[in-house]
Each structure stands twice: as structure tokens, then as C-alpha cells.
Amino acid sequence: MSMSIAIAGIEFAHPIFAAAGCAGTGRELPPQAELAGFGAVITRSITAEPRAGLPSPRIAETPAGLVNALGLPGPGVEQFLTDELPWLVDRGVPVIASIAADSAADYARLAQRLRQAAGILAIEVNLSNPVVEPGRFPFAMEAGAAGGVVHAVRRNTAVGVPVFAKLAGDTTDIVGVARACAGAGADGLSLINAVRAMGIDATAEQPSLGATIGGLSGPAIKPIALRAVWEVYAAMPDVPIIASGGVRTGADAAEMIMAGAKAVSVGTALLNDPAAGTRVRDELADIAARREGGLPALLGCAHQEERV
Amino acid sequence: MSSAAQWPATVMAKRVTDRYAVVTLAAVAGAATARPGQFASLRIAGPDSALLLRRALWISEATAGGRHGGTLSVAVDVHEPGGAWLTSQPDSAKVDVIAPLGRPFSLPRDPVSCLLVGMGSASASLIRLAEELVERGSRVRLLLVGEAPPFGVLAARRFSSEIADLTGAAISATVLAEAMADNVDVVYSAGSAEQVRVVAAAAAQVNLPHQAAIDTPLVCGSRTCTLCAIPIRGRDGITRMVRSCTEGPVFAADLVRWDDLGTVPGDCLGAAAEQP
């Protein structure tokens, strides 16, 4: 049975993606992880300049989750283009480039720099990095700010290369932000990023993370992600959604699809089990095969008229 | 970039000694290529576990092939939740293993006089190192330190008669200076960053080459994150945040910015762009 899907005109072999920042550069995964076995790999968020990241500790284990504050470490867009992207493309990996910047103008410049790069199927605009300077908020917290960035990226991205906006699960009005992004030209939405959170190291009597506040990911946030997907799909069923947040089994992915997701990203689960992508894909294929109408019939199927 | 393989291994034996345990796993695909200083990454509990971080554990012994299809022994801190889970597993339980990971110790070409300083469960990484150095004709002296009886004393006795067991002692500059004054050519150490740092200072004082295996707790162990990054000054003079799980865990100690561990130094590549 076919598992292929199309999002904004782009065909993907199946709907299980690697979430941004969770597959490294791709090279680190052991052979069993089958990088080319993902429907798409969403890269870690590419920044204009190299970034060293935040002080350690950068992660803390919490019940059914991880809080992390990495600070988007990476070598910057130039090394991505000369080294990391060609390596992925050579291996037949479908690449979605995630980008992050400080301002709409910087996002625009980054999009412009990626414009001519061969092998980028789509751009994911990271509007919801949970780690921000004190007093600031992620772009995704406010409809106007989010829409402004999406507009800037869309204008600087080639026609035929879809732009997806990655939103935050802890926004007051996620439907309002989603509408602003779609109105500004987003071809799809990625829901959700890690949720702003922190830990306390009780022995040391101080925050668990060097940066104090980070993002909570893993199964702990799956219900939040499901709610976000549900609300946005109910309001805007024609805008494709890539769901992420605590998915580690095919059944988790199926739940996201039933809530309204067209594709599902596996993130934190890859840290626990680098082979999780292919496993989730196979488990989802089994679920779809048992369902009359297959995978397409699962999309949004939990939205029964009487419940909406 | 590595021969590391992910594999469902079988718990074959457990030896618990006070605070530490050695867990031996059979049917580990990557066991044949494991080198001293490398580690294994183990998934803690099954697919539904609430403990999401894999544990990076030092490899104390490795055998290739044979009846058990390659075995790896790893050192476990039984007071840590992941270590407690692992040591509670019955024989024949399945555990998801990725191994071997990381950059190993480099061995000298010619026989030399070596001082090996091991602290805590990281001492496990020195046991096979000692064995290989002795096989190559080197003189090996071990200094093993820990709160609990130091890990690996019994195993190490097979390879060297020069072992100082400093149970209950903290590593001290005086002890190190004394040990290093006794005709030492090369220093190898393994322990937490704070412990290894003391060894690095002592070795630097007398200008001895020193390779340090740095124990970074709670790394993802799957190499896909950047949680274990530490500041390393490259031979080109540029400081970079480097993952100790891939470029380490063994580093030339003179390249580590010991005073800046836990921070991102201001002159580090990419440090200027701190927040998006």
C-alpha cells in the first residue's frame, strides 16, 4: 500500500520526517538509522553565522521528557551549503532546511542565500525556538511578528519551494498565529516546537540548565501537540500540517494524522533510538494497511461532525 | 564516519562491586572494533521508558566473535537511575546498544613509561589501555582514585604490579607530582572534567604529554545532539565547541580550555551570535 503523500505540491515517499535538530548533520546516525529512509529530514536550524551554542548543562532528563537549551549550535549557512547539504543530497535524502534568525530582515537574507541551493525541497521557518533573551518572546507567540517573518521568507524563496512555519505549542491563540502565517504565504505549518520549560537541580539548588529556560520535548508534550494540530486543522483544514511533539511509535504518528497532520516528525525519540524513524514508518504502514481507505482515510478522521 | 552499529545485545553477566558494576553484553556487533577509551551507548529500558536519554558507558573489556558473537563489558554507576535499571536486568534480557563510539586513546609507537590515572567508573577505560601498553613493552603504573573502592583494581592487576589504590582519597597535586617525577614519559587519565583537570595541571607543570578521557554524564550517546560540547583550542589557535562524544572523549589535554569548561568562551568560534 502506498504511503506517499504530497504537501504543497511536493511528493514525499512517506509521512515520517526527522524533526529539526534531532538527526544531527545526518552523518552521526548509525547505519541502521537509514537516513534516506525518512520521508524527509528537516535540518537543524541553519543560522547566518557559526554559533557555539549555550553554556552547559544543555539538557536535563525529566519524567517522559527532556528539557534542553542548546542555543542552535552549528557552523552557519556557508558550511551548511558547502559540506552538510551536498552530503545529504548525495545520499538521496529529501531535505527540508530549517532556518532561524533574529529579525525578519535576517530571515530574508538567509532565505536568499539558500535560494539557489540544489536539493532543498522546502524551507521550515523556525519561529518558535524556546530559548530567547530575557524580555523577548519567540516570533511564534504573536501573529503579527510571525506573519512578518513568513512574508519575508516567502518573498525570498523560489516559487515551487514551499515555506512551512514552525509554531509554538504554548501560544495563547495558535489558530490566530497559524492564520497570520498562512495569510503571509506559508504553504504549511509545523506544529509544535519544544515547549518553554525548565528544571531545578535540587542537590545543587539551582536551575538544571546553564541557560535556565529551555524547551521540553518528548512524550510529555504529545498531548499539547495533539491539541495544537487539532485546533489548527479544525479551523484551516486545507493548510497542510507537519506534526511533531513526543512521537515515538507508529500509533503516536497515527494519532497526529487523525488529529489533522499530513506528515509527522520524529524528534526526541531519535536521541533515544536512532532507528526510530524507520520503525515508526513501518508501524504506521501496518496501521494504515489495516484501515479501510489506507493512510488518506486517517487524515483528520477523529474530527467527527458532532464533536467539532 | 564510524563503525558503530546499533544492536539488540543480550545481558550475559553482571558483577556488582559496591558503587560500580560491570555489565557484560553478548552479541554486540561492534565489539570487534572497540578500542581503549571508547564507550557504548545504551538505551535505558524499552520503548515506553520515561528515561529518554541513552547512557554513555565506558567499555572495560571487549572480545570479538566467539560463541557469544562479540562481547562488551561496560562500567555502570549503580546509584544513577539508568545504571540501577541496567544492573536490575536478568541475564538474557535484551538491551539496545550502539558501540563503539568516540575517539580512543592513541598508543605510543615505542615502549615508554606510562602513568595512568583513573577516577570513578571512567577508570574502566584504562584497563584495556593498560593491557595493550604492557603488550607493547611499555611500563604501566596505575593510580586509581574514587569515593568507593576504585573501579578496575582487580582487572588491572592482571597487567601491572604497580598499582596505587587510593580509596577514599581525592586526587591531589602532591600525589600526582610525586608519581610524575618517577621517570614518566606519558600520562593517560580518565575521569570527570573536574578530576581530569587536576591531572592536566600537574602534567603541564612538568611538561608531560597527557591524553585525557573526559567523563561527560548524561550525553545523548547517539551523537545526534550537541549536549556534551566543550571548548577545545585547535592547533590553528581557534577555539571551537567540540562534542566530546565524537571528537572525544579522549582529548590531548593541552588543547582543552580547562578554565572555561561549562561555558562558551567569548573568543570561541560562533560565540558572538549567542541568541536568535
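Two residues count as being in contact if their C-beta atoms, placed from the backbone, lie within 7 Å.

**A serine in chain A**

By that rule, Ser217(A) touches Gly65(A), Leu66(A), Ala194(A), Gly267(A) and Thr268(A), leaving out residues up to four places away in sequence. Ser217(A) belongs to strand E14 of chain A, which covers residues 214–217. Is Ser217(A) buried or exposed? A residue is buried if 20 or more other C-beta atoms lie within 10 Å of its own; Ser217(A) has 32 such neighbours, so it counts as buried. Another residue to look for here is Gly245(A): 28 residues separate it from Ser217(A) in sequence, yet the two C-alpha atoms are 6.5 Å apart in space.

The model as a whole scores ipTM 0.83 and pTM 0.89. For chain B, the mean pLDDT is 86, and 92% of the residues reach 70 or more. Where pLDDT is low, the predicted coordinates should not be read in detail.

Chain B holds a closed barrel of six strands, in the order E1-E2-E5-E4-E3-E6, with antiparallel pairing. On average, neighbouring strands of this sheet are turned by 45° against each other, direction ignored. Within E6(B), Ile98(B) is the bridge partner of Gln6(B). Helix H2 of chain B lies across two strands, E4 (55–63) and E5 (71–77), and runs at about 25° to E4(B).

Where the two chains meet, 35 residues of chain B are in contact with 45 residues of chain A. Which elements of chain B give two or more residues to this side? They are strand E1 (5–17) and strand E6 (94–101). The chain B residues on this side divide into 21 nonpolar, nine polar and five charged.

**Around strand E7 of chain B**

Now turn to strand E7 of chain B, residues 113–119. Six of its seven residues are buried, so E7(B) is largely enclosed by the rest of the structure. From E7(B) the chain crosses through helix H2 (residues 124–135) to E8(B), and this β-α-β crossover is right-handed. E7(B) and E8(B), the latter spanning residues 139–146, run parallel. In this pairing, Leu115(B) has Arg141(B) as its bridge partner in E8(B). E7(B) also pairs with E10(B), where Val117(B) stands opposite Ser189(B).

| Strand pair | Sense | Bridges |
|---|---|---|
| E7(B) and E8(B) | parallel | seven bridges |
| E7(B) and E10(B) | parallel | five bridges |
| E1(B) and E6(B) | antiparallel | six bridges |

**An aspartate in a loop**

Our last stop is Asp185(B), in the loop between helix H4 (173–180) and strand E10 (186–192) of chain B. Why does Asp185(B) count as partly exposed? A residue is buried at 20 or more C-beta neighbours within 10 Å and exposed at 12 or fewer; Asp185(B) has 15, so it is partly exposed. Leaving aside neighbours within four places in sequence, Asp185(B) is in contact with Val112(B), Ser113(B) and Cys114(B). Thr174(B), in turn, is 11 residues from Asp185(B) along the chain, and their C-alpha atoms are separated by 18 Å.

Note on methods: Residues are numbered from 1 along each chain as its sequence is written. Chains are lettered from A and ligands numbered from 1 in the order in which they are written. This is a predicted model: local features need pLDDT of at least 70, side-chain atom pairs count only at pLDDT 80 or more; totals for chains, interfaces and linings use all residues. pLDDT is the predictor's confidence in each residue, from 0 to 100. Helices (H or I, at least four residues) and strands (E, at least two) are DSSP runs, numbered from the N terminus. Two strands pair if DSSP finds at least two bridges between them. A crossover is right-handed if, with the strands pointing away from the viewer, the path from the first strand over the helix to the second runs clockwise. Ala, Val, Leu, Ile, Met, Phe, Trp, Tyr, Cys and Pro count as nonpolar, Asp, Glu, Lys and Arg as charged, and the others, Gly among them, as polar. Axes are lines fitted to C-alpha atoms, for helices over the stretch in contact, and angles run from 0 to 180 degrees between N-to-C directions.
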